[in-house]
Amino acid sequence: MKYFLLIAGLLLAGLTACDDDTKVCDTDTRTELRVAFVYFRDSTDLERDTIFPKVTFGALNKDTIYRRQPSLTGLQFQLDRVADSSRFYLQTDSTAAIDTITFRYSRQPKFVSAGCGVVMHYHLDTVFSTRRVIRRIQINQPAITTVNEKNVTLHF
Amino acid sequence: MKRMSRSIFSTLLLLLTLGAAAQEAQKPKKDTAKPVTMMVPAGLRIGLDISRIAVHYFQPYRTDVTVNLDARYNDRLYFASDLSYNRTSHEDENYTYRSSGIGLTLGINYNFLKRQVPKENFMIYGGARYGLAFYSYEVPEYHVSSDYWGNYTGSVPKTSQLAHWFELTVGIKVEVLKNFYLGWSLHERLLISRNVSKQDFPPLVIPGYGKGYKNSSFDMQYSVAYLIPLYKVKQAIKL
């Protein structure tokens, strides 16, 4: 019995040693700001989630993230990892006026796992925009992490 | 892997239970004979955890050395200690990491088996330990990648830290040659210094503990040991 236990332990010790976490990244490492669109209806005095037909969105002086994207109920995008603020433009339809949105935040690099490395966590301080189409901005969850949560609501 | 560790733990616990139960089953049913107490040789047992060689083979960025010490106190009780050294050096596209340090655990082992033969040196034991590690680490470079904005590069300067933990263990030791032992043990460690694992960049490895970014750590050791006979202890033997 004791020699059987010794051999079983030897095999299982070998199996335990294989556990190399630096080779595996099995968690979501995207830290993206999630924005929902809400449209205000005067007739019912209620706000409802809405869909815009042709959304164009991107950071100022950068490539577009969404180009005339149909049927969008919101946006999901990365903030600048190097600066403490990011500015974006938003056009809800090809004929609509363009609004500029500014996000101000603090950044904190955060270790996720040995295999995934480091991601950037953000904490939103303020969000403001021009008011051509956007009526109001609401911060729902200022912490932007790998958790899938709605961070900001844009009211139209 | 966590599931596999639990399966290993369960399998070996089952084997240990069967081993202990087998001894119970061998007992005569109506034995009224009183146990005989006699003096048996005891001393300091010094072992080397050879599973660290396999760890280095499968995880080349880790270099570990663990020395196991135990000394018999009485019939069933042993003082036990592990001395560990770790050096870690990892580099990939995400980050570069370097650390080194030493760890120490102090505690006791309790032999679950009653000896039936005076010179039988086979033990199935459970134990508890307090562990302490002193180490330093640095992250010379890490990257947070972004296709849209470009990569962010940062670093963590060299820091020295202290971590401590509580540990439960079960295992076996078998005397395969005179004073020469082979054995393995399972270790479940619970980090007391929770602030260590919650840092923005925690240590990858805490010497003697394991993965420094986790609040609990499972480990298995496989040791070869030599007993240096130094003194004698009283032992109850049921003949």
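**A walk from the core to the sheet**

Let's start at B:Tyr209, which, leaving aside residues up to four places away in sequence, touches B:Gly103, B:Gly131, B:Ala133, B:Ala163, B:Trp165, B:Arg189, B:Leu191 and B:Ser217. Keep in mind as you look around that this is a predicted model.

B:Tyr209 also belongs to the largest nonpolar core, a group of 39 residues. Along with A:Val118, B:Ala163 and B:Ile206, B:Tyr209 touches the most other members of that core. As a bit of background, nonpolar side chains in soluble globular proteins tend to be buried together.

Now for how the two chains meet. On one side are 31 residues of chain A, and they're in contact with 38 residues of chain B. Helix H1 (2-17), strand E7 (99-113) and strand E8 (117-129) of chain A each put at least two residues into the side that touches chain B. H1(A) gives the most, with 12 residues. Sort chain A's side by residue type and you get 17 nonpolar, 7 polar and 7 charged.

Finally, have a look at the open sheet in chain A, where 6 strands with antiparallel pairing line up in the order E4-E3-E6-E7-E8-E10. Strand E4 (64-69) and strand E10 (143-144) of chain A each have a single partner strand, so one side of each is left without a neighbour in the sheet. At the E4 end, 3 bridges tie E4(A) to strand E3 of chain A, residues 55-59, and the two run antiparallel. Here you'll find A:Phe57 standing opposite A:Tyr66 in E4(A).

How values were computed. Residues are numbered from 1 along each chain as its sequence is written. Chains are lettered from A and ligands numbered from 1 in the order in which they are written. This is a predicted model: local features need pLDDT of at least 70, side-chain atom pairs count only at pLDDT 80 or more; totals for chains, interfaces and linings use all residues. Two strands pair if DSSP finds at least two bridges between them. Helices (H or I, at least four residues) and strands (E, at least two) are DSSP runs, numbered from the N terminus. Two residues are in contact if their C-beta atoms, placed from the backbone, lie within 7 Å. Ala, Val, Leu, Ile, Met, Phe, Trp, Tyr, Cys and Pro count as nonpolar, Asp, Glu, Lys and Arg as charged, and the others, Gly among them, as polar. A nonpolar core is a set of buried Ala, Val, Leu, Ile, Met, Phe, Trp, Tyr and Cys residues joined through C-beta atoms within 7 Å. A residue is buried if 20 or more other C-beta atoms lie within 10 Å of its own, exposed if 12 or fewer, and partly exposed in between; C-beta atoms are placed from the backbone.
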